[in-house]
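The model is shown first.

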Amino acid sequence: MAERNHTVVTEFVLLGFTQNPKLQVVLLVIFLFIYLLTLVGNLTLATLIKMDSRLHTPMYFFISNLALLDVSYTTILTSSTLMTLQAARKAILFTECALQFFFLCIALTCECYLLGVMAYDRFMAICNPLLYTVIMSTRFCMTLVLGSYLVSCLNAVVQTIFIFRLSFCHSNVINHFFCDVPPLLKLSCSDTRTTELVHFTCTAVVVTSTLLIILVSYIYIVVAILKINSSKGQRKAFSTCTSHLAAIFIFYGTGSFMYLRPSSKYLMDYDKIISLFYTYVIPMLNPLIYSMRNKEVKEAFTRMLGRKMCSW
């Protein structure tokens, strides 16, 4: 009953990174630069895959979906991040905060499942090459992507309901640059044990299920590669997986560290730096990760540039 007497919070104030005006200007330029790189890199990759028929394969279909997903949640984040660096009043409405969390939860969960789906795709390509085109049909690939989004939406709905039903009365100042779970839990004057349990369980289910798919797929992949007689053949087979593995290690490493911890271990200033990796750095690096060592993407990019030059 006591919780009902507290003042209802209608807005939150995002503290951001710093209150130093000069440093805010520097950070504003840096974040704008990162966002533009992310936008250009991911949209170029998605457009390249769409335009070049030689890249119309399951692997590149999943990569293009990942690229568009990275653009989506980076765009959602950038608006609030830039607000904390230039606005005099850094307020975000309660409903806006809930919506931001909801869509970010969908995007980050979906990224986990897409990485799992991509691992399964590599497993099918390397371990069952003769059946690969039959099993990984366009319809099946679209079903996998749609299924990833549906599960992500379910996870987001559950977590958003449990987090934003809490009472917030200690303060309305969020020590972060977006509406994230750790700082919101610290602001609540409700009993957060159930919410923390739901959040941990949902996150653990997502991470464990997708990592299990990835682990099993790569165990079979490694076994299949070791059966290849020539070292050249082994390198060629494994080279198709290196980009995906790099993305997995970076994304799961930072994400698991952030969310699979008890709330007593949260250190807001330190966590903001960790959050930067999976919210800004990874979406910026993904186009490079999937194209730098990818001969097919490089050739497709060269062909696209050639067509543009000829049209001029």
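## Helix α3 and I106

I106 is located in helix α3, residues 94-127; helices (H or I, at least four residues) and strands (E, at least two) are DSSP runs, numbered from the N terminus. The model is predicted, so local features need pLDDT of at least 70 and side-chain atom pairs count only at pLDDT 80 or more, while totals for chains, interfaces and linings use all residues. Residues are numbered from 1 along each chain as its sequence is written, and side-chain values use heavy atoms, with hydrogens and water left out.

With a relative accessible area of 10%, I106 is buried (buried means under 20% relative accessible area, exposed over 50%, partly exposed in between; 1.4 Å probe, protein chains only). Beyond its neighbours within four places in sequence, I106 is in contact with Y149, S152, C153 and A156, contact meaning heavy atoms within 4.5 Å. The C-alpha atoms of I106 and Y149 are 7.2 Å apart, although 43 residues separate the two in sequence.

## Helix α1

Among the buried residues of α1 are L27, L28, F31, I34 and Y35. At the start of α1, a side-chain oxygen of N20 comes to within 3.0 Å of the backbone nitrogen of K22.

## Salt bridges

The structure has two salt bridges, each a side-chain nitrogen of Lys or Arg within 4 Å of a carboxyl oxygen of Asp or Glu. One joins D121 and R122, at 3.0 Å from N to O. D121 is buried at 1% relative accessible area, and R122 is buried at 8%.

The other joins D191 and R193, whose closest N and O atoms are 2.6 Å apart. Here D191 is partly exposed, at 42% relative accessibility, and R193 is exposed, at 64%.

## Cysteines

One disulfide is counted, defined as a pair of cysteine sulfur atoms within 2.5 Å. C97 and C179 form the disulfide, with their sulfur atoms 2.0 Å apart. The pair links distant parts of the chain, 82 residues apart: C97 is in helix α3, and C179 is in the loop between β3 (173-174) and α6 (181-187). The torsion about the S-S bond is about -130°, so the disulfide is left-handed. Both C97 and C179 are buried.

C105 is in no disulfide, the nearest cysteine sulfur being that of C202, 7.9 Å away. C105 is buried, with a relative accessible area of 9%. C153 is likewise in no disulfide, and the nearest cysteine sulfur, that of C110, is 8.2 Å away. At 29% relative accessibility, C153 is partly exposed.

Note on methods
Polar contact = N/O pair within 3.5 Å; in protein donor to acceptor, adjacent residues only side chain to side chain.
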